[in-house]
2 protein chains.
Amino acid sequence: MSLNSDTRVILLAHGSSDPNWQATFEALAKPSCEALPEAVVGYMELCEPSLEHQIARLKQDGAARIKIVPLFLAQGRHLREDVPAMLRGYEQQYDIVLELTSPIGEHPALAQTIRTIVGDILSSESPA
Amino acid sequence: MSLNSDTRVILLAHGSSDPNWQATFEALAKPSCEALPEAVVGYMELCEPSLEHQIARLKQDGAARIKIVPLFLAQGRHLREDVPAMLRGYEQQYDIVLELTSPIGEHPALAQTIRTIVGDILSSESPA
């Protein structure tokens, strides 16, 4: 994968008031951020750093374009309506190009990994 | 993995009013359901079949115990509060043992797959 030098990536998570929720997402995003130094995590709501905070910071660092990859299993109202509306506002506010990609859940590799994980969870939690 | 013959599995998804959302979850669950004939998908809200519908149906089919595996990326309020409260009610109502497992997002394999998927998404959506 090659990105232009002025392109950055935000891995978009929903956010939650639950204190352990953010730690799980940081762990989920860690290998991606290690592989992609231009990627950071941003939260739609209820957690910091917010999506807007990350857009403002990346713009200040020289980004002209940000690809926003939703760490969501599927597209619901948030990804079809709320997030696009937020992005249209931020594009004007921060004079930057924001591109929302498909969510990770629509990639066929995820279903295969879920099969492995479900098997592991059931094995580890089954009585001997 | 071996489950007792009277144990069944529900893959729990959140649910959404978005018509494409359910199709994505059915695709995400398909390899798991093919590997585990005792597994079905149930939705917490806004989609059918509901979690309660699946519990009632599996009980009627002879299940004494159901393991409920959340197809959630992390534990937020739903998995810490709402779902356990629902399950306590259903256990009494349907005279069945319901076990909520950890969500798929806490398994380390998911973070590695997300790295691959994020790379693929960015490659496929980058301009040539």
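Here are some questions and answers on how the labels for this predicted model were reached.

This is a predicted model, where local features need pLDDT of at least 70, side-chain atom pairs count only at pLDDT 80 or more, and totals for chains, interfaces and linings use all residues. Residues are numbered from 1 along each chain as its sequence is written, chains are lettered from A and ligands numbered from 1 in the order written, and side-chain values use heavy atoms, leaving out hydrogens and water.

Q: Why are H2(B) and H3(B) called roughly parallel?
A: Helix H2 (residues 51–60) and helix H3 (residues 77–94) of chain B pack at an angle of about 30°. Angles under 35 degrees count as roughly parallel, over 145 as roughly antiparallel, 65 to 115 as roughly perpendicular and the rest as oblique, so H2(B) and H3(B) are roughly parallel to each other. Their axes, lines fitted to C-alpha atoms over the stretch in contact, are 11 Å apart.

Q: What makes the contact of H2(B) with H3(B), and how do its residues divide by class?
A: Contact means heavy atoms within 4.5 Å. H2(B) brings Leu51(B), Glu52(B), Ile55(B), Ala56(B) and Lys59(B), while H3(B) brings Met86(B), Leu87(B), Tyr90(B), Gln93(B) and Tyr94(B). They divide into seven nonpolar, one polar and two charged. Here Ala, Val, Leu, Ile, Met, Phe, Trp, Tyr, Cys and Pro count as nonpolar, Asp, Glu, Lys and Arg as charged, and the others, Gly among them, as polar.

Q: Why is Cys47(A) called buried?
A: Buried means under 20% relative accessible area, exposed over 50%, partly exposed in between (1.4 Å probe, protein chains only). Cys47(A) has 7%, so Cys47(A) is buried.

Q: What class does Cys33(B) get, and why?
A: Cys33(B) has 24% relative accessibility, so Cys33(B) counts as partly exposed.

Q: What makes up the pattern of chain A along the sequence?
A: Chain A has four helices and four strands, in the order β-α-β-α-β-α-β-α. Helices (H or I, at least four residues) and strands (E, at least two) are DSSP runs, numbered from the N terminus.

Technical notes:
Axes are lines fitted to C-alpha atoms, for helices over the stretch in contact, and angles run from 0 to 180 degrees between N-to-C directions.
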